[in-house]
Amino acid sequence: MRLNFAGRIIKIVFVILLIYYPILSARPQNSIGNNNLDDTTTTNQEWKLFYNDHAFNKLYLVFAGPYPASPTSSFGHIFVLLEPQKDRPFLLWDAMDFSANITNVGAFDFFLKGLFGGLDGQYKEISFYEKLREYTFIESRSLWLFPIQLDKQESKNFLFRFFNLSNKIYPYRFTNRNCASQIYNLIKLSIDDSFKQENQLVFPHTIINGLKNRISDPIFIESIDNLLKDNVKKITLTTCNSENKLFEYNNANDAILLNTLEWKYSQDHDHLTTEENTKLQNLRKLVSLSSNNEYNNFKSYPRVFDIHPTMLAGCGLRMSNDDGMEYLLMYRFGIHEYFENCNVYPKNDFLNLLKIDLGIKKNKIQINRLMLFNQTSLQPASFVSNYLSWKLGAGIEQKDEFMDRQLSSGIFTGFGYTVALLDDKITLSLLINAEPVYLEKFGLAFLTGHEIITIWNLSDRIKWMNCLKGTMKNIATLQIYYYVENNLAFEISKNIMLLLSTKFTEYDKFYNIKVNFYIN
Amino acid sequence: MKKSTVLLPILALFSLSLFITSCATIATGTTQLVTINSNVDGATVSLDGVNVGKTPFTGEIKKNGKVVTIEKEGYKTYTIALSSSLEGLFWGNIIIGGTLGSITDFASGAAYKYAPASYQVELMAKGTSLNNFKQIYELKKYAMINMSNISIDLSKNNGTYLESLIYLTNMDKNEKSIEIIRKKLIESEGDQVHFGNLIVKLLVI
């Protein structure tokens, strides 16, 4: 009876989504259009004023790294920055982007419409300092500025298109009508009228590859996190747990303290208390009167954009006490995993859009794991940054820990906390998990449990991840099924990795050896 | 290995305490403390048509409110459409923040956030020139949002934040202009709103 009821609910949700999607997607969809600037349109007075204000020498494509606090910002953000012809400090340069308008949109609607369509998007213009404040300070995301080579006519085309687009509403969707796809189309169309617009999920790799003939090496702007790291690295949960200690530690440099506290308060609070406000106000006065301050509150420099391909494949062997040997095949389409080296994505944020693990045994192929989306954010919290760790995944996963080994399909979530040890070389995370799933042999279940994950960044080429996970099938029985998993990853070359792993459950032991390689 | 139930109470308690600690910074409840200032004090603040106070306003307002209206005689009425920040959406906790309606047309004024849940609303006096209003608005907004970095640059008598502020005031960048800004910062007692009001007086038009 329970199963039937749940089955009906799933069907109803499915039907609602099927109806909801076409209705939302059926709205008129403005496209960028295919007309570049020609002489007949240049008589428009408004356009002339706009052009006079915005004419630029150089265009920068700006990539803001991902924001760990929100899954919708996992891929990062793309916008453009205009170096004006008129002499103006660069904090006051114009930035332009395409983003969703979330005014009066509720949480549920945001995700549903974001995924299936129905959100309104707009091309917007904003001063660069506001973008800098939003990304590098409030959300602590570094920026990569890629100069793009455009000739005079192409630059004019770009502005003309933006001018025509900026007062209209366009559909926004996370997957194919997002900041990256729309800005990419805008640049490409400004260069070539006949460019066929891309309406697919766009990674930074895709954009950079698509513009590779026009793009130059990037300039990197440090996030507040990085700026303060050297100065406040000793202030972690292990060495400092109160603001007074921070004051003592930093009394040599009030400027660092001012930046640190303002950032910390913006992370911690919905509203500053009178005491916090007074502290900041006193510091501002004190700092403005001080001299010989060596602290650099803005840092930019050329940096290599080191990002790995999105497609990864692997093959290997698995031995188990009960089942003997099986061959393994793996394919991953995604952004980042713990064993990959990259300076673009935070090292403790892992995201796959598709990952499939197959086992082949006695000519029989079976799915060990098929994840359609899987994200884990294990950003360490400290005195200055209070990140919450979390994971969210949807798909199918083999549950080796049960006596009757079986597939579970559904949603896999977890929330918790991560701390960093030994100067970020080790991170220790504890997650509380909740997994509404359909178990192959037991039917619908709400699995709960906890998980302790330790990641050791032993060197750039060697990483070790340990996971102790306990799962409860039925809270009433208080019975926990544990497993311990150890993964050791070696980077053999830039494109090849060797992975050794063991997994011990209460009923069996597994030993894996795998080789992963990127597909370019 | 035997199925373990011994560790459960300890782990459950530990996990629960960890979760509660983690959530400590997430706002709960149905209201939120908000500060709203305006360029003219005594403007009426209404939430969804209900009068809740006058500027400078600090008070609890309902999180599910849709629209805040700021009005004063002699000025155009300004309306802020409330939205949900991404963090708020992710945690299912709707708070005020993010986009504050359109600020591109300046039809009746403009608003911006300068600190957590603290907003500055610039009301436009009837008959004001749009260009003049825009210049004052841009300068004040920049000064309030970047005040801490401006004070850090003042300690070095140089820096990108200070340079942009001087540019917006239309002053020349020299020792004198840097000293004037330092004086204004000290006079403001480090308060963002006060600093913004003092800085706009420096605007050379």
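Visitor: Which residue does A:L81 stand opposite in β3(A)?

Guide: A:L81 stands opposite A:A95. This is a predicted model, where local features need pLDDT of at least 70, side-chain atom pairs count only at pLDDT 80 or more, and totals for chains, interfaces and linings use all residues. Residues are numbered from 1 along each chain as its sequence is written, with chains lettered from A and ligands numbered from 1 in the order in which they are written.

Visitor: And how do I read strand pairing?

Guide: Strands (E, at least two residues) and helices (H or I, at least four) are DSSP runs numbered from the N terminus, and two strands pair if DSSP finds at least two bridges between them. Here, β2(A) and β3(A) pair antiparallel over three bridges. Strand β1 (residues 56-64) of chain A pairs with β2(A) in the antiparallel sense too, over eight bridges; A:L59 has A:L82 in β2(A) as its bridge partner.

Visitor: In what order do the eight strands of the open sheet run?

Guide: The order in chain A is β6-β4-β3-β2-β1-β5-β7-β8, with antiparallel pairing. At the edges sit β6 (170-172) and β8 (300-302) of chain A, each pairing on one side only. From one strand to the next, the twist averages 35 degrees. Further along, β5 (residues 143-148) and β7 (residues 219-221) of chain A are joined by three bridges, and A:L143 stands opposite A:I221 in β7(A).

Visitor: Why is β2(A) largely enclosed by the rest of the structure?

Guide: Start with the cut-offs: a residue is buried if 20 or more other C-beta atoms, placed from the backbone, lie within 10 Å of its own, exposed if 12 or fewer, and partly exposed in between. Six of the eight residues of β2(A) are buried, so that strand is largely enclosed. For chain A, buried residues make up 36% of its 520 residues.

Notes:
Axes are lines fitted to C-alpha atoms, for helices over the stretch in contact, and angles run from 0 to 180 degrees between N-to-C directions.
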